[in-house]
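Welcome, and thanks for taking a look at this one. Below is a short briefing to read alongside the structure, going from the whole chain to single residues.

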Amino acid sequence: MIIIGKKCPSFSAPGVIDNHIKTISDKDLQGHYTLLFFYAVDFSAVCPGEVYALQEKIEEFKKRNVTIIA
């Protein structure tokens with residue numbers, strides 16, 4: 001579900017940032033727009049197309065100061 005302009009629910013999860021595993025939480029996202037991108041399963045038929053489509057638009061998100069977390 002797309003929720004633009006709404007505060008995200010509280011969460012905490014491990015992630016890879018700058019080649020290091022770090023914990024990411026909703027507190028890290030405060031003060032700017034963030035796109036949280038989730039996909040169901042690696043190596044499925046749908047996911048590669050969605051990931052490539054997102055990758056093609058990364059510069060547009062950067063211009064708008066949007067952080068992308070996938």
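What percentage of the 70 residues of the protein chain count as buried? The figure is 13% of the 70 residues. Please keep in mind that this is a predicted model, with an average pLDDT of 83 for the protein chain.

**The chain as a whole**

- The protein chain has 2 helices and 4 strands, and from the N terminus on they follow the order β-β-β-α-α-β.
- Along the principal axes, a box of roughly 35 × 25 × 25 Å holds the C-alpha atoms of the protein chain.
- About 6,200 Å² of the protein chain is accessible surface, and carbon and sulfur atoms account for 59% of that area.
- Looking at contacts between residues at least 6 apart in sequence, 37% of them join residues at least 24 apart.
- The charged side chains number 8 positive and 8 negative, with 8 Å between the centres of the two sets.

**Confidence**

- A pLDDT of at least 70 is reached by 90% of the residues.
- Among the elements, helix α2 (residues 58–63) has the highest mean pLDDT, 93, while helix α1 (residues 47–56) has the lowest, 83.

**The β1–β2 hairpin**

- Strand β1 (residues 12–17) and strand β2 (residues 20–25) run antiparallel and are joined by 6 bridges.
- The two strands form a hairpin, with 2 residues between them.
- Two of the facing positions can be named here: Ser12 stands opposite Ser25 in β2, and Ala13 stands opposite Ile24 in β2.
- Ser25, in strand β2, has a relative accessible area of 15%, so it counts as buried, the cut-off being under 20%.
- Not counting residues up to four places away in sequence, Ser25 touches Phe11 and Ser12; the latter is also the residue that stands opposite Ser25.
- Ile17 belongs to strand β1 and is partly exposed, with a relative accessible area of 33%.
- Once neighbours within four places in sequence are left aside, Ile17 is in contact with Lys22 and Ile24; Ile24 is the residue that Ala13 stands opposite.
- Ile17 can also be placed relative to Ile69: the two are 52 residues apart in sequence, and their C-alpha atoms are 9.6 Å apart in space.

**Two residues with positive phi**

- Which residue in the turn of the hairpin has a positive phi? The residue is Asp18, with a phi of about 50°, although Asp18 is not a glycine.
- Asp18 sits in the loop between β1 and β2, and its relative accessible area of 63% is over 50%, so Asp18 counts as exposed.
- Asn65 also has a positive phi, near 55°, and is a residue other than glycine.
- The loop between α2 and β4 (67–69) is where Asn65 is found, and Asn65 is exposed, with a relative accessible area of 60%.
- For background, most residues other than glycine have a negative phi.

**Helix α1 and its distances**

- How far apart are the C-alpha atoms of Glu50 and Ser25? They are separated by 24 Å, with the two residues 25 apart along the chain.

Notes. Residues are numbered from 1 along each chain as its sequence is written. This is a predicted model: local features need pLDDT of at least 70, side-chain atom pairs count only at pLDDT 80 or more; totals for chains, interfaces and linings use all residues. Side-chain values use heavy atoms; hydrogens and water are left out. Two strands pair if DSSP finds at least two bridges between them. Buried means under 20% relative accessible area, exposed over 50%, partly exposed in between (1.4 Å probe, protein chains only). Contact means heavy atoms within 4.5 Å. Accessible areas come from the Shrake-Rupley method with a 1.4 Å probe; for residues, only the protein chains shown count as cover. Lys and Arg count as positive and Asp and Glu as negative; His and the chain ends are not counted. The place of a charge is taken as NZ of Lys, CZ of Arg, CG of Asp or CD of Glu. pLDDT is the predictor's confidence in each residue, from 0 to 100.
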